[in-house]
There are 2 protein chains.
Amino acid sequence: MSELSERKKLILSAVVEQYIKSGEPVGSKELIALTGMSVSSATVRNEMSELSSMGYLEQPHTSAGRIPSQKGYRYYVDNLMKDREIDELNRRMIEAGISSAAGDPERLIAQAGEVLAELTKCACVSTAPGGDTVIIRKIELVPVGIHSAMLVLLTSNGILKSRLCRLDCELTAKILEEFYNIVDSCIIGKPASDISVVSMQTAAASVDSDPFAMLPLMAAVCELARSMEDSRIILGGSSNLFSHKDYGVGAIELFEFLNKREPLSAVISGIKEPLDIIIGKENLYRQLENSSVIVAKYSVGGRDSGSIGLIGPTRMDYESIIPSVKYLTDIVGKMITQAIEE
Amino acid sequence: MSELSERKKLILSAVVEQYIKSGEPVGSKELIALTGMSVSSATVRNEMSELSSMGYLEQPHTSAGRIPSQKGYRYYVDNLMKDREIDELNRRMIEAGISSAAGDPERLIAQAGEVLAELTKCACVSTAPGGDTVIIRKIELVPVGIHSAMLVLLTSNGILKSRLCRLDCELTAKILEEFYNIVDSCIIGKPASDISVVSMQTAAASVDSDPFAMLPLMAAVCELARSMEDSRIILGGSSNLFSHKDYGVGAIELFEFLNKREPLSAVISGIKEPLDIIIGKENLYRQLENSSVIVAKYSVGGRDSGSIGLIGPTRMDYESIIPSVKYLTDIVGKMITQAIEE
DNA sequence: AATTAGCACTCTTGCTTTTTGAGTGCTAAA
DNA sequence: TTTAGCACTCAAAAAGCAAGAGTGCTAATT
């Protein structure tokens, strides 16, 4: 695939980088000034013309300069881009931004997303740690009055959810005991996704005392288990998209698409590589056709656990963004590993 | 102030309502068709001309119809608007939308905001219940491993926060006991806003055993108490603003303003009436100069506890929105009262 | 005194036309 | 293979034009 002449590579690379910087199509003269090549503009024009027919560049219209095509970006990302270290400044910003949330995995991921989004002016989509299966690790029910109690649920990946729940009848020691019986036998150690309303209802029904007393509690457990799943996708900094004039009014549609959450799951999760770049129409969703997605996985305790993805205009600064994403996933993985170890 | 002739009132009212509906300036002919008045367009023009010089109407340009000025809206809202009951449909939507979150005040408010925003196509800003002082009601620390525990904090207004925290040393029974001692003596019953890092540190230092063991726990308590305050402002449906062509690209600026959260606090809280309407430039913030805000308080157990506010274009449908806001604050207040009673 | 018909005037909106300028593609020479 | 030169294209900005909506004013009418 790399059958481009050195000069073509130089030109393609310069076009991509300049276009990323300025947002304007790049012309032959400008290109000479930029690269310092000692050939005439006509020569460059010939090269550009070839790059166009090969599909790496395209023209918005006849009398404009060239911009990279999707294939052009792809070639750039795969072959031309330098593999930089992260900026000192960005590193500091990341570290400062996430340190306060170190102890709590869910908040850490959320915070990390915000920081990365801020730094890159992109939207950040991430998944809370989880791997394939999230297991219920601990459930606690603390009475706070005659009729109500707080319910707390902790999973294997260190995510904690709590809510208040209210009973119709009195919360007796007996009910509490039976609740813990059910929890110990049917819930602890099970995957959160297995907790269904039906299974909880049957469990509630099997109880000695008034089964109706148990019902609201079981319903609350269900709800927390479900919210566990739902809240795995975390979106941050999506309003950054409005600052890119590339999108124009399309930013609104994209914004709304991102806020739907569900489709994002597919976008983020369907990757194999540790770091994946999806450019423009390579994306499955029409709504992302003018965007690129950079996703990286992070691993907790040596196993893939979640991923962090950035979404921004195709014309994004890949070269400086990628190192930040790499660094962030790296450090987040380490921090979570540390946070949930016994 | 009500020194307008009946005919002027009719005309002003019709202009406001029609402009709210169509978004186009209203002309003299249209006005006749609309109201069924039996006078000529010239007469109406004279009246409109007077209303203009009195400051109730204005013209986008010479050869356009009239639109209400801020003063015009104000007069309409104060004197002309009918005091409707809530639509049956809206009522149903609200009830259906919030019933699932009935038990948990914080979620209830969030959900109520979403529903109201959806219904009115405005952004909704609300404050979680709290009144003047939020008191720490219960704190629970549940060990989940040798080095970590989950911390749960409940306040008088029924808001529950939890997070995982991690100790550097082992979490012994002694530490746990000492923790509860501190909690019982220095934290329970105190306002959340009084919990400061300093006060916690001194508390931690007064302990028999290793004070450094206590530090991360106290820090976590602080953080939860602070997040209590911070999360009191809840924003919902802010992306609805993009659907109003009134704002144009200004929607983005407004959106970002709302997302800053802090200033909203002032907007929402600084009201005296049970229901307040702030129109256009009456708002303190420049960013809201093209918006109107409708805020209503809700009360829990007979005392003002929080408020729910809607933000939308000045040209919003006051007549139908106001009943919805009233109804919502009413029902939300009742539900929370029920949820937190013993 | 209030209303109305009539008319001139204004100003937006939408459309077409012109101009300008950047940048290309091609040809022919080096 | 490279380059100078030139005609050509096309978008974007500027300018011009016609139509239409709506007003304000004046003078006549009730």
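Q: What volume does the largest cavity have?
A: In this predicted model, the largest cavity has a volume of about 60 Å³, where a cavity is a set of points, on a 1 Å grid over the protein atoms alone, at which a 1.4 Å probe fits but cannot get out. The volume is the space filled by probe spheres set on the points, with grid points joined across faces, edges and corners.

Q: Which residues are closest to its centre?
A: Ten residues line the largest cavity, and the closest to its centre are Arg137(A), Ile340(A), Val144(B), Ser148(B) and Leu164(B); lining residues have an atom within 4 Å of a point.

Q: And how does that lining divide by class?
A: The lining of the largest cavity has five nonpolar, two polar and three charged residues, with Ala, Val, Leu, Ile, Met, Phe, Trp, Tyr, Cys and Pro counted as nonpolar, Asp, Glu, Lys and Arg as charged, and the others, Gly among them, as polar.

Q: What lines the second largest cavity?
A: Its lining includes Val144(A), Ser148(A) and Leu164(A), along with Arg137(B) and Ile340(B), and by class the lining has five nonpolar, two polar and one charged.

Q: Switching topic, which domains does chain A have?
A: An automatic or database domain assignment gives chain A domain 1 (6-80), domain 2 (88-129 + 231-341) and domain 3 (136-229). The C-alpha centres of domain 1 and domain 3 of chain A lie 62 Å apart.

Q: Anything on numbering and cut-offs?
A: Residues are numbered from 1 along each chain as its sequence is written, while chains are lettered from A and ligands numbered from 1 in the order in which they are written. Local features need pLDDT of at least 70, side-chain atom pairs count only at pLDDT 80 or more, and totals for chains, interfaces and linings use all residues, while side-chain values use heavy atoms, leaving out hydrogens and water.

Conventions
1 Å grid on protein atoms, 1.4 Å probe; cavity = no way out; pocket = protein on both sides within 12 Å on 5 of 7 lines; lining within 4 Å.
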